[in-house]
Amino acid sequence: MKNIQKITRMKLFFPLFCLLLVLLINVVKDPGFFQISVKNGVLYGRLIDVLNRGSEVAILAVGQTLVVAVSAGTDISVGSVMSLSACFTTMLLAGYGVNTTTTIVMPMALGLLAGILMGGLCGAFNGALVSKLRIQPMVATLILFTAARAIGLLLCNNQITYIRYEPYKYLGNFIPGCPIPTPIFVTIVVIVIIMLVLKKSALGTFIQSVGINSRAARLLGINSDFLCFLCYVICGLCAGVAGMIASSRIYCADSNNIGLNYEMDAILAVALGGNSLAGGRFNMAGSIIGAYTIQAITTTLLAMGVSTDQAPVVKAIIVILIVVVQSPVFKSWVETKKNRRRAEIKEAV
Amino acid sequence: MDENVILTMRGITKSFPGVLALDNASLKLRKGEIHALMGENGAGKSTLIKVLTGIYPFEGGEIEMEGVEGQAINHSVQEAQERGIATVYQEVNLCPNLSVAENLFIGREPRTKCNTIDWKKMNSSAREIMKNLDIPVDVTMNLENYSVAIQQMVAIARAVDMECRILILDEPTSSLDDNEVEKLFRLMRDLKNKGVAILFVTHFLEQVYAVCDRITVLRNGQFAGEYTVAEMPRVKLVAAMLGKDLDDLASIKAEGSDTVRKDVVVDAKGLSHKGTIKPFDFVIHKGEVVGLTGLLGSGRSEMARCIYGADRAQTGTLTMNGKELKAKAPIDSINAGMGYLPDDRKADGLIGDLSVKENIYLALQARKGMFHPLSPSEQNALADKFIELLQIKTASRETPVNQLSGGNQQKVILARWLATDPELLILDEPTRGIDIGTKTEIQKLILKLAAEGKSVIFISSEIEEMLRTCSRLCVMRDGSKVGELDHDLTQNTVMTAIAGQGKEGEQ
């Protein structure tokens with residue numbers, strides 16, 4: 001009994017529990033869920049699909065977690081920034097105004113790097129507005145939320161630029177000879193980097209301090225403004241990486257559709273991970289699990305034959321349930337119920 | 001006499017994870033009395049009040065209240081208020097971004113016929129309340145424009161205006177100066193004559209003897225006794241609180257005098273910050289304890305902030321150990337060897353949700369830099385060392401710091417700075433809201449630091465405390481430094497200096 005309590009009190013218990021529940025439902029509905037097969041030299045299967053498709057949200061969730069923790073606000077521009085980064089890269093690789101191309105005019109690595117840095121630049125813009133000008137995060141990031149897609153469209157001369165250059169597809173699909181989808185590797189790299197930084201430096205503690213009480217944090221020697229700025233830059237870089245993957249999947253930059261509504265999924269992932277959107281304490285692993293939970297729900301619904309138009313309704317219901325179960329109010333309600341029952345038993349004895 | 005009893009709490013038990021906060025605690029309040037609730041930090045005073053006002057549920061015990069059938073257990077603050085229990089907390093719990101009038105009437109705004117808020121009436125009644133209490137404020141201004149002391153008075157005014165039968169004042173005086181305390185006492189006596197039962201929590205013994213009729217002492221969460229003020233001399237009261245006799249406070253100074261050395265640590269010339277402090281010169285030597293004294297709002301905290309670089313100085317120069325220090329942010333001052341304990345613990349000091357351990361090692365970590373993290377074992381050793389050294393009462397080093405009592409939180413912040421081993425420690429009201437035993441410990445600690453060759457800038461509202469620890473006092477008035485006292489330090493000379501020429505005639 002004690003051991004069970006110990007487990008349920010663990011920070012990661014609820015996020016993991018939710019993910020396992022979603023997976024369990026899948027197994028019951030479709031025993032083949034965990035089946036992984038090899039076709040044409042690459043892996044296929046629902047599980048692989050969840051891991052692959054969940055990459056963008058997982059990467060976005062990493063940045064979003066830091067932003068939420070440090071500023072008690074959310075960066076709602078990440079989806080649009082993904083789109084802008086993708087457009088910037090395709091413009092650089094294809095050349096301005098080119099509609100479709102099979103050759104690229106610039107080394108691909110350089111183009112991808114530039115796209116990621118474009119994300120960082122957008123993050124820096126958001127960060128400057130929030131940390132220096134003290135604009136509320138929601139309002140500050142609303143600017144790029146609306147503007148970034150339009151800027152992307154301008155960069156692509158108001159058209160969808162296709163890059164039919166084979167290696168450009170590698171990042172979002174498969175590298176020849178490797179059976180595992182590339183986005184999974186990219187996500188692992190991003191997660192490992194951020195986990196290493198959090199473990200090997202005091203960044204995590206500092207971010208939490210600033211999120212809880214930025215005035216006190218400044219007085220004890222932490223550069224609160226800079227840390228806040230830094231978190232937005234990291235979030236922007238993550239959006240850039242996610243944008244590269246999304247663009248490579250469809251080997252073009254569809255300004256209107258890349259990263260559409262991804263900001264909501266990223267914020268949801270943070271919340272599902274058991275993180276308070278009021279900032280302060282955060283749990284990076286929780287957010288990442290949350291991201292895959294969302295993807296698992298989406299994949300499940302589509303597999304069950306729920307139409308793409310209706311899926312959001314079911315998704316919303318599941319998410320509401322998960323969030324309610326994790327809320328402190330609900331937990332304390334359960335706690336008092338339990339205590340009352342215990343007291344009644346005692347009285348009866 | 002017992003028919004006068006309005007509230008009885010009996011055998012109250014309440015535990016937090018790992019700590020038994022209240023263990024068979026009792027309290028009896030009578031109509032028309034001012035009742036002091038005394039005890040050391042963590043004795044359970046605040047917890048008992050929070051149980052009474054419905055903030056905390058409790059496990060065992062009974063609460064009876066006149067006019068309430070059966071058990072008078074409150075489940076929420078609203079319920080307590082409906083039963084006539086009003087509370088003013090040590091830390092102001094009002095909305096700083098609303099006007100004074102709004103704060104006074106929040107939740108019970110006067111309405112017009114159309115059920116909209118009657119602003120005219122609200123402002124005029126607010127003005128009247130403030131006038132009656134002799135508090136000089138513009139009721140339409142936002143509360144945040146006023147000092148903590150004024151905010152505290154507004155909180156009290158709000159409680160008083162709410163037709164209460166029981167008024168609880170949880171250390172309301174810790175941020176008030178003498179004048180304001182006198183105003184508050186007048187108010188308390190008025191209410192007492194109207195039959196209100198007042199529960200008064202304070203650490204100031206003088207105040208207990210000035211206004212209270214009866215005293216209940218708690219010790220380690222247990223009821224230690226109820227006494228009338230007349231039958232309880234101070235020494236006995238302190239002994240009851242501590243459960244032992246107190247070492248003589250007066251003897252402290254003797255151990256730690258003459259520690260001042262010749263080396264100048266900080267030399268400030270013409271430092272100023274626009275709007276808060278006018279240009280001042282300040283010198284402190286190695287091993288010296290310098291006090292900044294003056295009324296609240298005289299600029300004593302602002303001067304400390306300016307030296308520390310919390311507010312960036314706009315004019316003047318500051319040299320530390322002979323090198324010019326241009327602090328752009330506190331981290332520069334910390335790197336130069338300063339530490340600063342701010343007076344507003346909640347807003348400027350604590351990182352509430354973080355653990356005791358993290359709160360202790362953070363400043364040292366900031367000094368070492370983000371990329372040179374302390375190892376977990378170093379962190380634990382540091383935390384354990386200071387929990388032991390300062391006798392911080394906490395369930396464990398991993399307990400979130402906001403679960404600690406006020407005095408222990410203060411010790412955590414003190415530990416945070418001691419961990420950085422600073423050459424100059426700036427302490428703004430380090431003993432506010434701290435029990436008398438701990439106060440003595442902190443004073444001793446300050447003198448010990450001085451003996452080790454550290455310098456301390458010390459700010460306190462209690463002149464007595466300053467006299468015991470400081471070898472020199474800077475006198476502040478209206479945002480500027482008006483003088484220094486370094487010999488003949490007595491209560492009288494300091495009071496005269498603070499009051500200044502103009503007021504001397506009146507005294």
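B:Glu302 is buried because 22 C-beta neighbours lie inside 10 Å. The cut-offs are these: buried takes 20 or more other C-beta atoms within 10 Å, exposed takes 12 or fewer, and partly exposed lies in between, with C-beta atoms placed from the backbone. The model is predicted: local features need pLDDT of at least 70, side-chain atom pairs count only at pLDDT 80 or more, and totals for chains, interfaces and linings use all residues. Residues are numbered from 1 along each chain as its sequence is written, while chains are lettered from A and ligands numbered from 1 in the order in which they are written.

B:Glu302 sits in helix H10 of chain B, residues 300-308. Helices are DSSP runs (H or I, at least four residues), numbered from the N terminus. Which residues does B:Glu302 contact, leaving aside neighbours within four places in sequence? They are B:His273, B:Thr276, B:Ile277 and B:Asp311. Contact means that C-beta atoms, placed from the backbone, lie within 7 Å. Take B:Ile277: 25 residues separate it from B:Glu302 in sequence, yet their C-alpha atoms are 6.2 Å apart.

Now step back to chain B. Its assignment gives domain 1 (2-246), domain 2 (247-337 + 422-507) and domain 3 (348-420). Such bounds come from an automatic or database domain assignment. The C-alpha centres of domains 1 and 3 of chain B are 31 Å apart. Their contact takes 8 residues from each of these domains.

Finally, look between chains. In chain B, 25 residues are in contact with 21 residues of chain A. Helix H13 of chain B gives the largest share of chain B's side, 6 residues.

Key: Helices (H or I, at least four residues) and strands (E, at least two) are DSSP runs, numbered from the N terminus. Two residues are in contact if their C-beta atoms, placed from the backbone, lie within 7 Å.
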